[in-house]
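Subject: Structure handover

Hello,

Here is the structure for you to look through. My notes follow below it.

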Amino acid sequence: MGEPNLHPSWAAPLRPEFDSDYMAALRAYLVGEKAKGRRIFPHSRDWFRALDLTPLDAVRVVILGQDPYHGEGQAHGLCFSVRPGVPPPPSLVNIYKELHSDLGIAPTRNGFLEHWARQGVLLLNSVLTVESGRAASHRERGWERFTDAIIRLVAAKPEPVVFLLWGSYAQKKAAFVKSVDQGGHHLVLKAPHPSPLSAHSGWFGSRHFSKTNAFLEAHGQAPIDWSVADA
């Protein structure tokens, strides 16, 4: 796995995780898979890309995904995002449709979301690697424990953060985050996953983007510019 490529603000608090037995086992598993000739996405330099682009002290919004895209050239370390030139996958197409309905932002053919990450939107997958062509192939290998630790660090921030939990998987993973209506200081917004399988059961019309910005502005923060430049 080598030395992790992530912002220093994450490195110190996550050091116990990197030094743990479960992470050593995960490291050995990934090395073994590569030795077998299996292709792993994204490239190892991008495994912690979300943590490099969005420092801990800059996190204002968290979007939780599951595992990386397993198609050629798609994954680059940010959930729902794909590399420049790669067509937006179906879930991202539906995210763009909701953005258009909610904020009037026209859909784009560009699926590269680094612009969001650089504004404090942590685009975090629960599992950070996947084998080419095999969805969910690296689940239950240790990544979930690591990303749980990341969510706990964000939830412990004294500043209010917006957690966007799309689908039952994300909602279960971050169930411990205390929202404002539970006596906490974070805003937790829940909706069905934007996948075509579930988007019509409540994703469309959820207005999470405008609600996020209203909350941030109410707490003296700048809104997120959710626009994405066209390809």
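Start with E140, which is found in the loop between β4 and α6. Keep in mind that this is a predicted model. Phi of E140 is positive, near 60°, and the residue is not a glycine. Is E140 buried or exposed? Its relative accessible area is 70%, so E140 is exposed, the cut-off for that class being over 50%.

A136 lies in that loop too, between β4 (130-131) and α6. A136 is not a glycine either, yet its phi is positive, about 65°. With a relative accessible area of 29%, A136 is partly exposed.

One more backbone point. The peptide bond that joins F41 and P42 is cis. Omega there is about -10°. P42 sits in the loop between β1 and α3.

Now the aromatic rings.

A pair of aromatic rings is described by two values: the distance of the centres and the angle of the planes. The structure holds 13 aromatic pairs. One of them is F48 with W143. The ring centres of F48 and W143 are 5.9 Å apart and the planes stand at 70°, so this pair is edge-to-face. Planes over 60 degrees apart fall in that class.

Where do the two residues sit? F48 is in the loop between β1 (40-41) and α3 (49-53), while W143 belongs to helix α6 (residues 143-155). The pair therefore ties together parts that are 95 residues apart in sequence. F48 and W143 are both buried.

W143 has another aromatic partner to look at, F146. The W143 and F146 pair is edge-to-face, at 5.9 Å centre to centre with 70° between the planes. W143 and F146 are 3 residues apart in helix α6, so about one helical turn separates them. How accessible is each residue, and what is its class? W143 has a relative accessible area of 0%, so it is buried. F146 is also at 0% relative accessibility, and so counts as buried. The cut-off for buried is under 20%.

F80, W116, W166, W203, F209 and W226 form it.

Last, the pocket.

Rolling a probe the size of a water molecule over the atoms shows where empty space is left. The largest pocket has a volume of about 380 Å³. How many residues line the largest pocket? The lining has 23 residues. Nearest the centre of the pocket lie Q66, D67, Y69, F80 and H193. What is the make-up of the lining of the largest pocket? It divides into 9 nonpolar, 12 polar and 2 charged residues.

Best wishes

Note on methods: Residues are numbered from 1 along each chain as its sequence is written. This is a predicted model: local features need pLDDT of at least 70, side-chain atom pairs count only at pLDDT 80 or more; totals for chains, interfaces and linings use all residues. Side-chain values use heavy atoms; hydrogens and water are left out. On a 1 Å grid over the protein atoms alone, a cavity is a set of points where a 1.4 Å probe fits but cannot get out, and a pocket is an open set with protein on both sides within 12 Å along at least five of seven lines; lining residues have an atom within 4 Å of a point. Grid points are joined across faces, edges and corners, and a volume is the space filled by probe spheres set on the points. Ala, Val, Leu, Ile, Met, Phe, Trp, Tyr, Cys and Pro count as nonpolar, Asp, Glu, Lys and Arg as charged, and the others, Gly among them, as polar. Rings of Phe, Tyr and Trp (its six-membered ring) pair if their centres lie within 6.5 Å; planes under 30 degrees apart count as stacked, over 60 as edge-to-face and the rest as tilted. Helices (H or I, at least four residues) and strands (E, at least two) are DSSP runs, numbered from the N terminus. Buried means under 20% relative accessible area, exposed over 50%, partly exposed in between (1.4 Å probe, protein chains only).
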